[in-house]
Amino acid sequence: MSERTLSLIKPDAVGKNKIGAILSRFEGAGLRVVAAQMLLLSPQRAREFYAVHKERPFYESLVAFMTSGPVMAQVLEGANAVEKNRELMGATDPAQAAPGTIRADFAENVEANAVHGSDSPETARAEIRFFFPDLAE
C-alpha cells in the first residue's frame, strides 16, 4: 500500500552537508521525494511542531536545537513509507541504532540525531499538513 510520510533532516545533518547522502538512502530504498523545502524554523513553529513533548524535560533544548540552523523537510511516498522510513532512520539514540541506519551513520547523540520521521500514518498526515499544507489529504 502506497502512503506518505514526513521526514526532516535536522540542523546537525544539514550542517554536516549530509542532505544528499540521506536523501539517496530514501530513494535507494524505494521511497520517492514528492515535496521538499529547506527552512529555518522559528521558535514558535518548533514549539508547535513538537507540542506533543512540551511536558518532557528535553522540550526546550529540542526547540533550541531545531531552531539552531536550517532543516530540510520532505514528503516521502512509497509502499509502507512510514515503516520503511523508520527502519532507515534507526533507533532514536544513535548508540542503539543498527549499523547502516541513518542515525548510526550520521547522528551525534539522542537529540542531535540527524532525522525525524512520522511515527504513524495518522501522525504523518498531520505533520505533512504542518509543513506542506497544499498536500494535505
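Is Glu77 buried or exposed? Glu77 is buried, with a relative accessible area of 17%. The cut-off for buried is under 20%, so Glu77 falls on the buried side. This is a predicted model.

**Salt bridges around Glu77**

- The count of salt bridges comes to seven.
- One of them joins the side chains of Glu77 and Arg4, at 2.7 Å from N to O.
- That pair links distant parts of the chain. Glu77 sits in strand S3 (residues 71-79), Arg4 in strand S1 (residues 2-9), and the two are 73 residues apart.
- Arg4 is partly exposed, at 28% relative accessibility.
- Glu77 also meets the side chain of Arg32 in a salt bridge, again with an N to O distance of 2.7 Å.
- Arg32 belongs to strand S2 (residues 32-39) and Glu77 to strand S3, so this bridge ties together parts that are 45 residues apart in sequence.

- Arg47 forms a salt bridge with Glu60. The closest N and O atoms are 2.9 Å apart.
- Arg47 lies in helix H3 (residues 43-49) and Glu60 in helix H4 (residues 59-66), so the bridge ties together parts 13 residues apart in sequence.
- Arg47 is partly exposed, with a relative accessible area of 33%.
- Glu60 counts as partly exposed too, at 45% relative accessibility.

**Arg103, a buried charge without a salt bridge**

- Arg103 is found in helix H6 (residues 102-106).
- Arg103 is buried, yet it has no salt bridge.
- The nearest side chain of opposite charge is Asp12, 8.3 Å away. A salt bridge needs the nitrogen and the carboxyl oxygen within 4 Å.
- Backbone oxygens are within reach instead. The side chain of Arg103 reaches the backbone oxygen of Val115 at 2.7 Å.
- Leaving out residues up to four places away in sequence, Arg103 touches Met89, Gly90, Ala91, Thr92, Pro94, Ala97, Asn113, Val115 and His116.

**Helix H2 and its buried face**

- Helix H2 spans residues 19-28. Its buried residues are Ile19, Ile22, Leu23 and Phe26.
- Seen down the axis of H2, these residues fall within an arc of 95°, so they line one face of the helix.
- Gly30 follows H2. Its phi is positive, near 95°.

- Asn17 has a positive phi of about 60°, although it is not a glycine.
- Asn17 is placed in the loop between helix H1 (11-15) and H2.
- Asn17 counts as exposed, at 67% relative accessibility.
- Ala114 is another residue other than glycine with a positive phi, here near 75°.
- Ala114 is placed in the loop between H6 and strand S4 (115-117).
- Ala114 is buried, with a relative accessible area of 0%.

**Aromatic pairs**

- The structure holds four aromatic pairs.
- In one of them, the rings of Phe49 and Tyr50 have centres 4.9 Å apart and planes at 90°, so the pair is edge-to-face.
- Phe49 and Tyr50 are both buried.
- Phe130 and Phe131 form an edge-to-face pair as well. Their rings lie 4.9 Å centre to centre, with 70° between the planes.
- Phe130 counts as buried at 18% relative accessibility.
- Phe131 counts as buried at 6% relative accessibility.
- Phe49, Tyr50, Phe130 and Phe131 form one aromatic cluster.

Technical notes
Residues numbered from 1 in each chain as written. Predicted model: local features only at pLDDT ≥ 70, side-chain atom pairs only at ≥ 80, totals over all residues. Heavy atoms only, no water. Buried < 20%, exposed > 50% of the residue type's maximum accessible area, 1.4 Å probe, protein only. Helix = DSSP H or I, 4+ residues; strand = E, 2+ residues; numbered from the N terminus. Arc of directions from axis to C-beta. Lys, Arg positive; Asp, Glu negative; His and termini not counted. Polar contact = N/O pair within 3.5 Å; in protein donor to acceptor, adjacent residues only side chain to side chain. Contact = heavy atoms within 4.5 Å. Phe/Tyr/Trp six-rings, centres within 6.5 Å; stacked < 30°, edge-to-face > 60°.
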